Amino acid sequence: FKYTERPGYETSVAGFEKVQNSVGPDLRFRPGSGALELRLGYRFQISQFLDASGLGAERASNESHDVRMLTHWRWLPKTALLLDVNYRVINYARPDERLSNIQTVRSADRDSTPFRIEGGIRGLLSKRISVILTAGYLNTFNVVGESFVGFVGKAELRYRVEPTVNFGIGFEREGSDSSFSNFYTVNRFYADGELHFFSKVSLGGRVGFDNISYSANGAPGGVEREDPVLRARAFGRYNFTEWFNAGLEWSLDKNDTTYASPVNEPDAARRDFANYSRQLVMARVAIDY
């Protein structure tokens, strides 16, 4: 069970409250020395948005069945080959939504049965340099309209000197079902780093850029949407003991999209623009065991 809440954007009155319930078994098989591992899992999940009337968030409520098989073969002591196969059945809610202040229509059918297969390598190139390289194929098999069909993958290079330095850069291309339209694609660039001093102090951060494109099929008014999102994070942490620490964290999400809704509303004063800048400062005290 998972409950999350985020504040609304701009002129939105209510926030985005979401409840997720999921249940299912996992089977793990590791014969012999454990170099080869097979995993098979199933999840049934219900995602329900609360108090979302008029925001368009209620169209994101859905039920899904998720079957996944992961094969993990450690062919060197610290390097493994991966094969990940995933099949889902997703059924979205179809509430009425506004095209303008005087016109409503039932939201599009965005049900899909995505199939994904991805393989790659994860491990060390040297004592200090590690790599993640994965490549695969995804087809969202949308019931109505266009489906995402194409390449997904990830490339990450990381430099680590234990226990002092950990630095990485990467690129990821992803595709997925979407509550906004039939699917979205994202091209993500990122870099992160972490420094440790005297076994007590940790400083780190991450900066990234996501270029997110939503399909016009299934979108309100049939209009494409593109969200260029800058993300940044910085943190500091002090370790009082091995199991007790406290810290301070700052994060930024900045979306410069030009999209606004209702899409057919000619009066700009009556439109809700989706661009936003959100900063969060969080104090953290934790016991880790």
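User: Which residues do ring pairs link into a cluster?
Analyst: Phe-180, Tyr-184, Tyr-214 and Tyr-259 are linked by ring pairs into a cluster. This is a predicted model, where local features need pLDDT of at least 70, side-chain atom pairs count only at pLDDT 80 or more, and totals for chains, interfaces and linings use all residues. Residues are numbered from 1 along each chain as its sequence is written, and side-chain values use heavy atoms, leaving out hydrogens and water.

User: How is a pair of aromatic rings described?
Analyst: By two values: the distance of the centres and the angle of the planes. Here rings of Phe, Tyr and Trp (its six-membered ring) pair if their centres lie within 6.5 Å; planes under 30 degrees apart are stacked, over 60 edge-to-face, and the rest tilted. The structure holds 9 aromatic pairs. Take Phe-180 and Tyr-259: their ring centres are 5.2 Å apart and their planes stand at 85°, so this pair is edge-to-face.

User: Where do Phe-180 and Tyr-259 sit in the chain?
Analyst: In distant parts, 79 residues apart. Phe-180 is in the loop between β12 (165-177) and β13 (183-197). Tyr-259 is in the loop between β16 (244-255) and β17 (260-261). Helices (H or I, at least four residues) and strands (E, at least two) are DSSP runs, numbered from the N terminus. The protein has 0 helices and 19 strands.

User: Is Phe-180 buried or exposed?
Analyst: Buried, at 10% relative accessibility. The cut-offs: buried is under 20% relative accessible area, exposed over 50%, partly exposed in between (1.4 Å probe, protein chains only). Tyr-259 is buried too, at 9%. Of the 289 residues of the protein, 36% count as buried.

User: What kind of pair do Trp-243 and Phe-244 form?
Analyst: A tilted one, with 6.1 Å from centre to centre and 50° between the planes. Trp-243 is partly exposed at 48%. Phe-244 is also partly exposed, at 27%.

User: Which residue lies over the face of Phe-180?
Analyst: Arg-225, at 5.0 Å from the ring centre. The rule: NZ of Lys or CZ of Arg within 6 Å of the ring centre and within 35 degrees of the ring normal. Arg-110 lies likewise over the face of Tyr-92, at 4.6 Å from the ring centre.

User: What lets charged side chains pair?
Analyst: Side chains of opposite charge can pair when their charged atoms come close. A salt bridge puts a side-chain nitrogen of Lys or Arg within 4 Å of a carboxyl oxygen of Asp or Glu. By that rule there are 21 salt bridges.

User: Which residues form salt bridges with Arg-158?
Analyst: Glu-156 is one of them, with the closest N and O atoms 3.3 Å apart. Asp-192 is another, with the closest N and O atoms 2.9 Å apart. The Asp-192 pair links distant parts of the chain: Arg-158 is in strand β11 and Asp-192 in strand β13, 34 residues apart. Glu-156 and Arg-158 are both buried, and Asp-192 is buried as well.

User: How far apart are the closest N and O atoms of Lys-254 and Asp-256?
Analyst: They are 2.8 Å apart, and the two residues form a salt bridge. Lys-254 is partly exposed at 30%. Asp-256 is partly exposed at 47%. Elsewhere on the topic, salt bridges that share partners join Glu-172, Arg-188, Asp-210, Arg-231 and Asp-253 into one network.

User: Which residues does Ser-176 touch?
Analyst: Contact means heavy atoms within 4.5 Å. Ser-176 lies in strand β12. It touches Leu-138, Phe-183 and Tyr-184, not counting residues up to four places away in sequence. Ser-176 and Phe-148 are 28 residues apart in sequence, with 8.0 Å from C-alpha to C-alpha. Across the protein, among contacts between residues at least 6 apart in sequence, 50% join residues at least 24 apart.

User: Which residues make the nonpolar surface patch of about 770 Å²?
Analyst: Leu-27, Leu-40, Val-67, Met-69, Leu-83, Tyr-87, Ile-117, Tyr-137 and Val-149. Patches take residues with over 30% relative accessible area and no salt bridge; like charges are joined within 9 Å, nonpolar side chains (Val, Leu, Ile, Met, Phe, Trp, Tyr) within 5 Å. Areas come from the Shrake-Rupley method with a 1.4 Å probe; for residues, only the protein chains shown count as cover. β5 (62-76) and β6 (79-92) each supply at least two residues of the patch. Val-149 is in strand β11 (residues 149-161).
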